[in-house]
Every structure is written in C-alpha cells, then in structure tokens.
Amino acid sequence: MKTKAWMRHSVWVALVGMSVFLVTEVEAQRRGGGGGGSSSGGSRGGAGLSRSGAASSGSLGGNFSSGAGSYSRGGAASSGSLRGNAASQASRQNTAKDMQARKQAGDTANREDRQQHQTDRQEDRQDFAKDVQEDRQDFADDWAEEHYHGGGYYGGYYGYPAGGVVAGMVIGATITAAAFNAQAKSCSALVVNGISYYQCGTTWYKPAYQSGNVTYIVVSSPK
Amino acid sequence: MRSFFLGLAAIVGTALVVPAKAADNVQAPAIEEKAMTSLTRMAEFLAKAQQFSVTANIGYDVAQDWGQKLEFGATRKIVARRPDRIAIDITDRDGNRRGFRFDGKQIAFFGLDEKVYATAPKSGDLDAVITYFTRDLRMPLPLAELFSNNLLKILKERVSEAYVVGDATIGGTPCEQLALRNDLVDIQVWVAKGDKPAPQRIVLTYKLENGQPQFWSDFRDWNFAPETPDSLFTFTPAEDARRIQFVAGMDPDAGKNQ
C-alpha cells in the first residue's frame, strides 16, 4: 500500500516535471525560432508587436509568404483567403490551376514550408522568415546573388555586388514605416519621375507597398 | 474455463471494436450533400449578383513571438459591379484609413492617412484583378475569393469536407452554419436562409500555423441594388498624396533608370 502511494506520487512528480520541461522546451523553441526569423525580440507593445501573421491574410487556403515580418499588419490570417497561407499573398488564387502555377513558379519554398509546419514549428518559423527573404529576393534578384541575414527580418539585408553600402545601410534593405517615421524628421523628400524618395543623411529611401504595408527600401541615389 | 475464454474473447473483442468505433466517431463527415447544396446556393447567388455592397467587420489573430495571440482588425466597405468594378474602403481599428479601387483599367491602392498611393494598369474582370493584385503584386485582399465569378468552383476545389452544423442567428438574420475543411484551413460560414443566401459570418482557422490563428468576418448591410456610378470606382489621388510603387514587380533600380 505504501509502495503504491509512493509510486503514484513519483508518477505525478514525473508528469509535472515533464510538462514543465515541455512547456519550457516549446517556449525555448518559439524564442529560438523568433530569433531566427524576426527582429521583434523581447520588446512588447508599440513597435515590438507583430500585426500580421498566419491568420491576417484571411486566405481560404494556399500558402503565401509575404507577411511582413516582425511588425506587419498582414500575414496569413489577414488575407481572408480560403486557402491557408503564411502571410498575405498566395491565398487569393482564384483557381487551383493558378495555385499550381504559382507554386511551380516560385513558391516551392512555401510548400516545403507548409510541410514542415506539420512536423516542426521552429523550423517552420525559420522557413517562414526564409520565405519572406526569398520573396524580397525575387525583386532583388538582379541585385544580389547572395544575401545576408543579420539580426532578423528588418535587420536583414542583401549584399550588393557593386558595393552599395550607404552609411551602414545596404541597398535593398527595408525598414518599416514606424522605423522610418522615427527618423523622418531628419529626412528630406524628393520626387523623381513621379515617384517619392526620401534622403536621410546619405541614405536614400523609397517607400513602396509590400504585402499591404508601406515599407521603406534603401536605394541608391535617384539623382 | 470455457466461460473464462468466452469472457476473454469478449473483452478482447470489445477492445478491438471500441477504438475502431471511436475513430469513426472522431472523423468528420466527408462532404455532406445538404451542406454542399447550401454552399452551392450561396456561391451561385453571390457570383450572379451583378452589383452588391456589404460591410465586413473583420478580425484576426496574430501570434506574437512570446506565444501570445493578439487580435487586430478592420472594417471594410465593399462595393462591386460586375464585370469589372470594385471599390473597398478600409478603416483599420487603429483608425488608419486605406482603400482599393479598380475601374476596369487601373488598380489603385492608397492610404488616406499615410498620404500615399500606388497604381498599376490592369484590365479584365474581378477575377483577373484579384489574381493580379494578390499574386503578382503580392498585396492582401481579404475575402476576395467571395467576390469571384467562380466562387462555386473555388469552393469545390478547396473543400474536402463539408457538413451542416445547424441553425444559428447572426446579427438578427436566421442562418445555416456550415463547417468546411481543407488541408490547411477549417472554414465556418453562416449562410442566410431565404431568397438571399449571402454569408453573414465566416471564420477561418489556419490549423497548421503557429498558434492556429483565426480570421473572422461579420457581414452587415448586404445590398444587392446599390448605387454604383462609375465615379465610385475611379481613383483620384489627394493633392498632397505621394505616389509610390508596389514592391512586387518593381524594378529595384527604377529610380535610377527612369
């Protein structure tokens, strides 16, 4: 009788211990994943909040990877699409054929991403971040073969073969509107061929819509 | 002894049968004809509506790095006139006002408070413009599939399970609640009963995403005979608005080369 009670006790201790371990582990993975893919880190509130994610796309299915990283308002759930998604674009494919074409056209990464969702959350997050980067690289293809990934999504930047480093910011880097506004006072606006640019010190920014949000891309001088 | 073996057989038999039954029970039904009939009614009704306006009150979860889900949302007023006109006015919950216009020739997306706009030439019907905007320009257009001319086809392709949950009243409108599934998303839609089977509410659960975030929308004030003058869909930038570009499809060196 005594032995039984003791056994029962140790089983409970073990279970509680395991669940604590699991929770800790999951949390560690989550944070680890976050570290790999996004820059919001420990800050909460204000600019530290993610405003987009898997659900912001509102997609009915389909996986897309645009989400805007650590400070976005879009994301998988914001698309409102019936085809899943990772952030905000793919979802609204109107036909399965379109979906197929799109997937084949360049979103194989997404598909892999999705498969990995099912097995490993952390890898998933990393893949997502990678997808986001790959997305950006789509348009930056002409610029750089390889890209570097320093400190997270918005800290990430692309190598520029021609040495386009401008005052610490690399051509093709993007920052959020919030980050831009924080320094906007020291910037001057310029319109070239009808398109808006900002010069902040020696760095030129070009605002543009990315996944539903205005982001600021570091560009070479438009002048 | 004999009864012992019979008893054992009964126990083993039950053990074998019970889990099998339980497994049957937890499996959602595949495609229920009754659900598909309702879904088809809704899809055909929407796709045939030559013009409509509706207010969608949307919300969605965004999982934060620290494991917490936060809800964000917006109100979207949508006016469409088939084949090729649609206007969406968006007010985010933080007050930020944005909009989308398509006048049959051009797409415009703009931020009234951010004082920016971007345009892209495009012709075609609603399906063409939705596809172009979301796939090529990689911009989100929540719930856009509902405006598709091919809604029924889309739903059929994307639904692998469908069943009727039951009756429910949403915003005073008697509805039928339908549950649909595909490999990525669990969908619930509440379809109005009667001769105007428009969706009154939709809930999407991204079951494979971290934290299984949901997107939901309540639809209010469906109107299938709204005023739809051309001017409603034509975009005129505000005087102090800055023109920007869509990142997707943008020549990264456009500033230099133009």
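Trainee: Which residues are exposed on the other side of α2(B)?

Mentor: This is a predicted model, and in it the buried residues of α2(B) include Leu39(B) and Met42(B). Seen down the axis of α2(B), the buried residues fall within an arc of 130°, so they line one face of the helix. On the other side of α2(B), the exposed residues are Glu33(B), Lys34(B), Thr37(B) and Lys48(B).

Trainee: How many Å apart are the end C-alpha atoms of helix α2 of chain B?

Mentor: Helix α2 of chain B covers residues 33-48, which is 16 residues. At 1.5 Å a residue these should span 22 Å, and the distance between the end C-alpha atoms agrees with that expectation, being 22 Å.

Trainee: How many residues does the largest nonpolar core have?

Mentor: In soluble globular proteins, nonpolar side chains tend to be buried together. Here, the residues with the most contacts inside the largest nonpolar core include Tyr205(A) and Val218(A) as well as Ile86(B) and Phe246(B). This core draws at least three residues from each of domain 1 (50-140) and domain 2 (147-219) of chain A, and its size is 86 residues.

Trainee: What percentage of the residues of chain A count as buried?

Mentor: Chain A is built with five helices and nine strands. Of its 223 residues, the share that count as buried is 48%.

Key. Residues are numbered from 1 along each chain as its sequence is written. Chains are lettered from A and ligands numbered from 1 in the order in which they are written. This is a predicted model: local features need pLDDT of at least 70, side-chain atom pairs count only at pLDDT 80 or more; totals for chains, interfaces and linings use all residues. Helices (H or I, at least four residues) and strands (E, at least two) are DSSP runs, numbered from the N terminus. A residue is buried if 20 or more other C-beta atoms lie within 10 Å of its own, exposed if 12 or fewer, and partly exposed in between; C-beta atoms are placed from the backbone. The expected span of a helix is 1.5 Å times one less than its number of residues. The arc is that of the directions from the helix axis to the C-beta atoms. A nonpolar core is a set of buried Ala, Val, Leu, Ile, Met, Phe, Trp, Tyr and Cys residues joined through C-beta atoms within 7 Å. Domain bounds come from an automatic or database domain assignment.
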